[in-house]
Amino acid sequence: MTATIEPAGHTSTAQPGRARALAVLCVMQLMIILDGTVVTVALPTIQSDLGFSQAGLAWVMNSYLIAFAGLLLLAGRIGDLIGSKRVFLTGLAVFTAASLLCGVATSSEVLIAGRFLQGVGGALASAVILGMIVGLYPAPADQARAMGVYGFTSAAGASIGLILGGVITQTVGWHWSFLINVPIGIVSLVLASRLLKSQRGLGLSKGADVLGAALVTAGLSLSVYTIVQTAEPTADLPRTLVLAAAAVALLTGFVLRQARAAQPLLSLHIFRNRQVTTANLVVVLLFAAGFGFQFMTALYLQRVLGFDSLHTGLAFLPAPILGAVMSLFIGPRLIARFGARVLLLAGLAALLAALLLMSQAPVNGSYLTNAVVPLLLVGAGTGVGIPAAIMLAMSGAAPGDAGLASGLNNTAQQAGAAVGTAVLATLAASRTAVRVSEGDSPVSALRDGYSIAFVAASAFVVAALLVGTTLLLRYRGRP
């Protein structure tokens, strides 16, 4: 799953070509990350306009993330079969068209369908991006810098999405949170078709595990639905247990299928590499907590402190600014000096501190007193933590497994974000409902719900720190 513009050498003509190719890939990745979060600050408006329930509102994000996570492995395999450029361009085209559908949606059903299709397009494109970057920059020093740029895109993109979403929602309406992707997508299609060099794949005769893709997509989707529906008034324990059992059965079937398939989506041999396995587990937990922080903080600012969409978006500005500084300038130097494992633990510690601080934010709090410091901590923490985690996951894989490792890492990111968002949204909604039934004011009940969610996200980070510490102690060499 690699694509190159020029030979891997360091000639003067190769460098501009590689840089332009990297820019196109990162623009698409930025669009994907932005679209996972740009609607967050618009959620109250979307809920009012389209009639979502409190728990069902999470599906505006989760329908996108589930399709993304479930199809990444299949998309990566298709890239191996027909070539990375074709898959990337197809994904970009689907994503752009689905953004148009979301932008003109007038019902909750159409919006969720459009978000699902966006996830399909995003999966096709994103599945081959990491492999392309590794192919473009095979030299370790160049690859570290390129991964720093990619890491910034992933770390800061979510916060930038919140800012952009606030500005757009307040000025021209939430529909344009999606419609803005259309001209960007068209321009990116033109540039990518010219800059990315075609590469012959293995051929469709080698096969793709469609059954495996169906099992993992259905399993992830049902898992998140099971979590979300527990906050609905009609939920009951027997039905929830049946749904949970079905989700476990589907995911178990996927694992068994991969062990026996001639051309598996996820060759299980990669899990024999403990560094790859451990690093990707940390990625799942890191993205679950990171997306949870942004989702819950945006809701706290709007529904508890009374911020409008524009001011909510602007309130997140400290996070991407510091994240950019850390991931593009300071982080690579620190990684070179101390190693990626140390930076990963430092980033997780900063994220944990931010979540614990937000869990104590009061009803009558203020932005400067209660939100600025957590936002700065998240910017610093994700700015070094995400690139470090990705480097560990990719560097631990054998050269022949670069494409497989890329797909696995992207799947870990999106699965963590989807499941984490579902868990935290459900916990917050359930706690809020209980407090309202006990006679608390709506604002106080909302605050308590968000506080529980922040504590739960903190538990994700504690688990990641434990796993990351094991990784640090087991592998003393660098990165």
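## A buried aspartate and its salt bridges

Asp448 is buried, its relative accessible area being 11% (buried means under 20% relative accessible area, exposed over 50% and partly exposed in between, with a 1.4 Å probe and protein chains only). This is a predicted model, in which local features need pLDDT of at least 70 and side-chain atom pairs count only at pLDDT 80 or more, while totals for chains, interfaces and linings use all residues. Residues are numbered from 1 along each chain as its sequence is written, and side-chain values use heavy atoms, with hydrogens and water left out.

Salt bridges that share partners join Asp448 with Arg435, Glu438, Asp440 and Arg447 in one network; a salt bridge is a side-chain nitrogen of Lys or Arg within 4 Å of a carboxyl oxygen of Asp or Glu. The whole structure contains 4 salt bridges. In one of them, Arg447 pairs with Asp448, and the closest N and O atoms are 2.9 Å apart. Arg447 counts as buried, at 18% relative accessibility.

## Arg435 and its two aspartates

The side chain of Arg435 meets that of Asp440 in a salt bridge of 2.4 Å, N to O. Arg435 counts as buried at 17% relative accessibility, whereas Asp440 is partly exposed, with a relative accessible area of 21%.

Arg435 also forms a salt bridge with Asp448, at 2.4 Å from N to O. Because Arg435 belongs to helix H18 (residues 402-437) and Asp448 to helix H19 (residues 442-474), this pair ties together parts that are 13 residues apart in sequence. Helices (H or I, at least four residues) and strands (E, at least two) are DSSP runs, numbered from the N terminus.

## Packing of helices H12 and H17

Two packed helices are described by the angle between their axes and by the distance between the axes. For helix H12 (residues 274-304) and helix H17 (residues 372-395), the angle is about 155 degrees and the axes are 9 Å apart. Axes are lines fitted to C-alpha atoms, for helices over the stretch in contact, and angles run from 0 to 180 degrees between N-to-C directions. H12 and H17 are therefore roughly antiparallel to each other (angles under 35 degrees count as roughly parallel, over 145 as roughly antiparallel, 65 to 115 as roughly perpendicular and the rest as oblique). H12 passes H17 in a left-handed crossing, a term used if the near helix is turned anticlockwise from the far one by less than a right angle, with right-handed used if clockwise.

Phe293 lies in helix H12 and is buried, with a relative accessible area of 1%. The C-alpha atoms of Phe293 and Val378 are separated by 8.6 Å, although the two residues are 85 residues apart along the chain.

## A nonpolar surface patch

Val149, Leu317, Ile321, Val325, Leu328, Phe329 and Ile330 make up a nonpolar patch on the surface, with about 550 Å² of accessible area together. Patches are made of residues with over 30% relative accessible area and no salt bridge, like charges being joined within 9 Å and nonpolar side chains (Val, Leu, Ile, Met, Phe, Trp, Tyr) within 5 Å. Accessible areas come from the Shrake-Rupley method with a 1.4 Å probe, and for residues only the protein chains shown count as cover.

Helix H14 (residues 318-338) supplies the largest share of the nonpolar patch, 5 residues. Val149 lies in helix H7 (residues 140-171).
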